[in-house]
Amino acid sequence: MDKNKIIKLVKELLKILIAISIGLPMYHIARIFDLRIVFLFHQISDKPDYFSKAGNLNIKPKRFTKIIEIIIKYFEVVDDYKFFNQNLKKFRNKPLALITFDDGYFEAIEESYKISLKYNFPIFHFINTEYIEYPKKYTSKYSPAMEYIKCIENKKYKKENVTQTIKKINYLKGESKYPKRSSISFIKSLKNNKLIFCSHGHNHIKYFDRHNSDNIYKNFFKSKKIIEKNKFNNSYFAFPFGKVDKKIYGFLRKISKNKVYFFLGMGAFNNPKTMRNRRLVKRVNITEYEKSLIRILYRISISIALSTIPKIKNFFTDEKIYH
């Protein structure tokens with residue numbers, strides 16, 4: 001057998017072992033002791049842009065529907081009121097779950113709109129407000145953060161050459177240059193839906209750069225103002241890249257008028273009491289690979305490992321995710 005095939009087979013077997021040894025016990029612990037889980041998606045498209053493909057953010061619509069069906073079968077998808085309620089019975093048949101999206105991708109909102117109508121449950125979209133204030137149906141205004149992190153992590157390019165490099169890569173690969181972002185007008189045109197729109201910052205800057213704290217606070221308030229102005233949900237905020245500096249988080253929590261819950265990008269199950277006290281919610285990233293319960297349990301296991309040991313790298317480089 002080819003060496004690469006053997007390595008791939010070993011990886012798959014290891015994923016199954018991790019899912020059964022960590023994910024499955026945690027699933028039943030969550031079910032019995034009423035621990036709750038939040039699933040995180042990004043782009044849903046048959047024609048993803050370059051950044052979504054490079055960052056493993058995209059799921060094709062058919063695969064997305066299949067993943068949702070698996071989640072519905074093994075988790076009870078609820079609204080935020082029930083999810084944050086502490087006075088619910090333990091020993092549940094299924095753990096409670098929320099479905100969330102980051103970044104405000106146009107196709108993701110379209111597809112989740114269909115899903116929310118079909119299955120009658122809410123879906124939360126955390127949107128970057130800089131990219132949605134347009135009268136058209138959608139905008140292709142790019143996210144500089146995605147360009148920056150792609151190039152810097154590859155360590156091939158200087159900062160000042162980022163835009164030119166990405167444009168060149170897109171041209172050579174024939175990819176869409178930038179992701180389609182939904183506009184406010186399109187969001188407001190959706191009728192009889194259960195989609196809930198919240199803040200993901202004004203643009204996708206890091207909230208864990210203490211040297212840039214003044215800009216972070218301005219970014220936070222500007223986004224919240226636009227969210228409030230358009231009568232979206234101001235009770236929840238998701239940190240770009242899924243992380244936050246401890247000091248910055250402490251300040252944001254202190255000055256938040258309406259007891260905002262802050263969503264992270266790492267971790268798995270949430271305790272209702274801890275969520276209420278700390279106002280922090282852990283989320284599990286879902287990729288196109290999660291086409292079975294075993295793969296979802298594996299992803300939960302990886303999320304637990306990432307939140308327990310922050311410096312740990314993902315075990316398999318082909319599943320790297322940018323938030």
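Okay, let's start with Arg 279: buried or exposed? Arg 279 is buried, with a relative accessible area of 7%. When I say buried I mean under 20% relative accessible area, exposed is over 50%, and partly exposed is in between, using a 1.4 Å probe and protein chains only. Arg 279 also has a positive phi of about 60°, although it is not a glycine. You'll find Arg 279 in the loop between α11 and β13 (280-281). Those helix and strand names come from DSSP runs, numbered from the N terminus: helices are H or I with at least four residues, strands are E with at least two.

Before I go on, some housekeeping. This is a predicted model, so to speak of local features we need pLDDT of at least 70, and side-chain atom pairs count only at pLDDT 80 or more, while totals for chains, interfaces and linings use all residues. Residues are numbered from 1 along each chain as its sequence is written, and side-chain values use heavy atoms, with hydrogens and water left out.

Asn 120 sits in the loop between α5 and β6. Asn 120 is exposed, with a relative accessible area of 55%.

Let's zoom out. The chain has 12 helices and 14 strands. Of its 323 residues, 52% are buried. And if you take contacts between residues at least 6 apart in sequence, 72% of them join residues at least 24 apart; a contact here means heavy atoms within 4.5 Å.

Why call strand β5 (residues 96-102) largely enclosed by the rest of the structure? Because seven of its seven residues are buried. In general, side chains in a regular strand alternate between the two faces of the sheet. In β5, Leu 96, Leu 98, Thr 100 and Asp 102 point one way, Ala 97, Ile 99 and Phe 101 point the other way, and all are buried.

Who are the neighbours? Two strands count as paired if DSSP finds at least two bridges between them. β1 pairs with β5 in the parallel sense, over five bridges, and there Ile 37 stands opposite Ala 97. Strand β4 (residues 76-77) also pairs with β5 in the parallel sense, over two bridges, with Glu 76 having Leu 96 as its bridge partner. Then there's strand β6 (residues 123-127), which pairs with β5 in the parallel sense over three bridges. In that pairing, Asp 102 has Phe 126 in β6 as its bridge partner. To get from β5 to β6 the chain crosses through helix α5 (residues 106-119), and this β-α-β crossover is right-handed. Right-handed means that, with the strands pointing away from the viewer, the path from the first strand over the helix to the second runs clockwise.

Keep going past β6 and you reach β9. Five bridges join β6 to β9, and the two run parallel. Phe 124 stands opposite Ile 196 in β9. Strand β9 (residues 195-199) is mostly covered, with five of its five residues buried.

Next, helix α12. α12 has 16 residues (293-308), which at 1.5 Å a residue should span 22 Å, and its end C-alpha atoms are 22 Å apart, which agrees. The expected span, by the way, is 1.5 Å times one less than the number of residues. 12 of the 16 residues of α12 are buried, so α12 is largely enclosed by the rest of the structure. Among those buried residues are Arg 295, Tyr 298 and Leu 306. What covers the buried residues of α12 includes α1 (3-33), β1 (36-41), α3 (61-74), β12 (269-270) and β14 (284-285).

α12 comes up again in the second largest pocket. About 550 Å³ of space lies in that pocket. Of the 19 residues lining it, the closest to its centre are Leu 264, Met 266, Arg 278, Leu 280 and Lys 282. The elements giving two or more residues to the lining are α10 (246-255), β12, α11 (272-278) and α12. Which element gives the largest share of the lining? That's α11, with three residues.For the record, a pocket is found on a 1 Å grid over the protein atoms alone, as an open set of points where a 1.4 Å probe fits, with protein on both sides within 12 Å along at least five of seven lines; lining residues have an atom within 4 Å of a point. Grid points are joined across faces, edges and corners, and the volume is the space filled by probe spheres set on the points.

Last stop, Lys 246, in helix α10. Lys 246 is exposed, with a relative accessible area of 72%. The C-alpha atoms of Lys 246 and Arg 210 are separated by 9.3 Å, and the two residues are 36 residues apart along the chain.
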